[in-house]
Amino acid sequence: MDVAKQKAKENPALLKNGFVVLATHQTAGRGTKNREWYSQSQGGLYYTFVCNPSSLKAECAQEYQLSIALCIKSLIDSIFNVSCTIKYPNDIFLNNKKLAGILLETSSKSNVPFFDYFSIGIGINLNQKKFPSQLQTIATSTYIETQKKISNTTLAKALTDKLVLALNL
């Protein structure tokens, strides 16, 4: 998310249409409350979507959070024929283990009803075959659960399309 934020600052014109940043791994992945997100393997989708914030109302942040979680859940459920659950507001679980996390970064001016920055960070454990021992009982991947692999770019494109529709971008 830091790279995406820097790109937006360096080139504000990118915000007009929005943009996506994908990474093969992260060295400082984080979730809410600055919790660490294990993302050093190359099996996950590490995705940031910086949206054009001009139509996103600041008062609707919780609704956007739920819409994003529902997009991820429905996409994973349909592609892998599984049944994920949402731990509101920002986690997706599969078989009682964390599969994905969402981090929203936003900013708005106090007298303006719309965001002036809206970034969606998503980490999804896709093709990892194993996790460090301290995470094996609490984290999973779609590969561990289904033995199916998927291309990160394929999933990222489908996810972006779902988010654009869900958020009316």
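Q: In what order do the elements of the protein chain run from the N terminus on?
A: Happy to start with the overall layout of this predicted model. The secondary structure of the chain comes to 4 helices and 6 strands. Read from the N terminus on, these elements run α-β-β-α-β-β-β-β-α-α.

Q: Among contacts between residues at least 6 apart in sequence, what percentage join residues at least 24 apart?
A: The protein chain has 169 residues, and buried residues make up 43% of them. For contacts between residues at least 6 apart in sequence, the share that joins residues at least 24 apart is 61%.

Q: How many nonpolar, polar and charged residues does the contact of helix 2 with helix 4 have?
A: Helix 2 passes helix 4 in a right-handed crossing. From helix 2 come Ile68, Cys71, Ile72, Ser74, Leu75, Ile76 and Ile79, which meet Leu155, Ala158, Leu159, Lys162, Leu163 and Ala166 in helix 4. Sorted by class, this contact has 11 nonpolar, 1 polar and 1 charged residues.

Q: Which residue's side chain makes a polar contact with the side chain of glutamine 128?
A: Glutamine 128 lies in the loop between strand 6 (117–125) and helix 3 (142–146). Its relative accessibility is 3%, and because buried means under 20%, glutamine 128 counts as buried. At 3.3 Å, the side-chain partner in its polar contact is asparagine 125.

Q: Which two residues does a cis peptide bond join?
A: The place to look is the loop between strand 3 (85–87) and strand 4 (91–94), where proline 89 lies. Omega of the cis bond is about 15°, and the residues joined are tyrosine 88 and proline 89.

Q: Is asparagine 81 buried or exposed?
A: Asparagine 81 lies in the loop between helix 2 and strand 3. Its phi is near 55°, a positive value in a residue other than glycine. With 69% relative accessibility against a cut-off of over 50%, asparagine 81 therefore counts as exposed.

Q: What is the phi of asparagine 96 near?
A: Asparagine 96 sits in the loop between strand 4 and strand 5 (97–107). This residue is exposed, with a relative accessible area of 73%. Its phi is positive although the residue is not glycine, with a value near 65°.

Conventions
Residues numbered from 1 in each chain as written. Predicted model: local features only at pLDDT ≥ 70, side-chain atom pairs only at ≥ 80, totals over all residues. Heavy atoms only, no water. Left-handed = near helix turned anticlockwise from the far one by under 90°. Helix = DSSP H or I, 4+ residues; strand = E, 2+ residues; numbered from the N terminus. Contact = heavy atoms within 4.5 Å. Nonpolar A, V, L, I, M, F, W, Y, C, P; charged D, E, K, R; others polar. Buried < 20%, exposed > 50% of the residue type's maximum accessible area, 1.4 Å probe, protein only. Polar contact = N/O pair within 3.5 Å; in protein donor to acceptor, adjacent residues only side chain to side chain.
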